[in-house]
Amino acid sequence: MLDFNTIAGVSIPFVGTTLGAAMVFFMKDKIHPLLQKALLGFSSGVMMAASVWSLLIPAMDLSTERGMGKFSFLPAISGLLIGILLLLLFDRLIPHLHLNQTQPEGPKSSLQKTTMMILAVAIHNLPEGMAVGAVFAGLKNAGTEVTLASAFALSVGIAIQNFPEGAIISMPLKSEGISRKKSFLYGTLSGLVEPFGAIAVILLSDFLIPLLPYLLSFAAGAMIYVIVEEIIPEASEGTHSNIATIGFAVGFCVMMILDVALG
């Protein structure tokens, strides 16, 4: 069963997305391009730090505890590559449209532009939800070094990067002529995949706990794919890409502090 701490932990990232999407009620029709670059950079920094400190390093530590010795890197590498390949497959099989792009990716589809924009965000929200689910699965099973503080640190870190992400999806929808209420709703729905992904992993934890090092690194690989394939290119388009670099550094440091200080 899911206890209060688990429910709260998997809900925090979704709350971050919802609060970000709510910015459509308080901001102008468009986010200033420099602010958008800073927010994208910040999001990628948080995700990269979470991939390293909250997922890959714990995966290797768990493998070491299980007696793999010098080969403790194998589950981390295997899971990371599988995560990257799965997201690559999603990119090919699911029609979606990235921010500031006019041509959708994936197979040809008659889906509306709005739907494909939401799908683009949902695709990379799924591994974030699975990452949160994996650490809470480790928390509820004995024999792992995952602590409640470190699990909540990851949830809070992802919620922080989801806040600008929620705004980045709802504000362009408003600029497309969609009402503020619908833009908020669509922005919120784009993050709904996270708690569902997290809960699915937790409910299957009794079967997945032997594979926890692979699962943690799988989530890291999926998030790293999103960072390199989507967020950084979007943040680097046009002029003033150094703003995104500064945002990345700040986001990375914030997530690293959360993980080390709380974990």
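Modeller: Helices (H or I, at least four residues) and strands (E, at least two) are DSSP runs, numbered from the N terminus. This is a predicted model, in which local features need pLDDT of at least 70 and side-chain atom pairs count only at pLDDT 80 or more, while totals for chains, interfaces and linings use all residues. Residues are numbered from 1 along each chain as its sequence is written, and side-chain values use heavy atoms, with hydrogens and water left out.

Colleague: At what angle do α4 and α9 pack, and how far apart are their axes?

Modeller: The angle is about 155°, and the axes are 9 Å apart. Angles under 35 degrees count as roughly parallel, over 145 as roughly antiparallel, 65 to 115 as roughly perpendicular and the rest as oblique. α4 and α9 are therefore roughly antiparallel to each other.

Colleague: Is the crossing of α4 and α9 left-handed or right-handed?

Modeller: The general idea is that a crossing is left-handed if the near helix is turned anticlockwise from the far one by less than a right angle, and right-handed if clockwise. For α4 and α9 the crossing is left-handed.

Colleague: Which residues of α4 and α9 meet?

Modeller: Contact means heavy atoms within 4.5 Å. On the α4 side the residues include A120, H124, A131 and V135, and on the α9 side they include L212, L216, A219 and E230. To sort them by class, Ala, Val, Leu, Ile, Met, Phe, Trp, Tyr, Cys and Pro count as nonpolar, Asp, Glu, Lys and Arg as charged, and the others, Gly among them, as polar. The contact of α4 with α9 then divides into 14 nonpolar, 2 polar and 2 charged residues.

Colleague: Let me try another pair. How do α2 and α5 cross?

Modeller: Their axes come within 9 Å and cross at roughly 155°, which makes α2 roughly antiparallel to α5. This crossing is left-handed. Among the residues that meet are Q36, F42, A50 and L55 from α2, with L154, I158, Q161 and P164 from α5. By class, the contact of α2 with α5 has 12 nonpolar, 5 polar and no charged residues.

Colleague: And what is the handedness where α5 crosses α10?

Modeller: That crossing is right-handed. The axes of α5 and α10 lie 8 Å apart at an angle of about 165°, and the two helices are therefore roughly antiparallel to each other. A149, L154 and I160 of α5 are among the residues making the contact, as are V254, L258 and D259 of α10. The contact of α5 with α10 counts 9 nonpolar, 2 polar and 1 charged residues.

Colleague: Now the cores. How many residues are in the largest nonpolar core?

Modeller: In soluble globular proteins, nonpolar side chains tend to be buried together. A nonpolar core is a set of buried Ala, Val, Leu, Ile, Met, Phe, Trp, Tyr and Cys residues joined through side-chain atoms within 4.5 Å; buried means under 20% relative accessible area, exposed over 50%, partly exposed in between (1.4 Å probe, protein chains only). Here the largest core has 50 residues, and L55, V135, L154 and L216 have the most contacts inside it. The elements giving two or more residues to this core include α2 (33-65), α4 (113-139) and α5 (148-175), and α9 gives the most, with 14 residues. Apart from this core lies another, of 7 residues, among them L97, M116, L173 and I178.

Colleague: What does L55 touch, leaving aside neighbours within four places in sequence?

Modeller: L55 is in contact with A50, A131, V135, L154, L216, A219, A220 and M223.

Colleague: Is S44 buried or exposed?

Modeller: S44, in helix α2, is buried, with a relative accessible area of 2%. Beyond its neighbours within four places in sequence, S44 contacts I227, I231, I232 and F248.

Colleague: Which residue other than glycine has a positive phi near 60°?

Modeller: That is H240, in the loop between α9 and α10. H240 counts as partly exposed, at 47% relative accessibility.

Note on methods
Axes fitted to C-alpha atoms, helices over the stretch in contact; angles between N-to-C directions.
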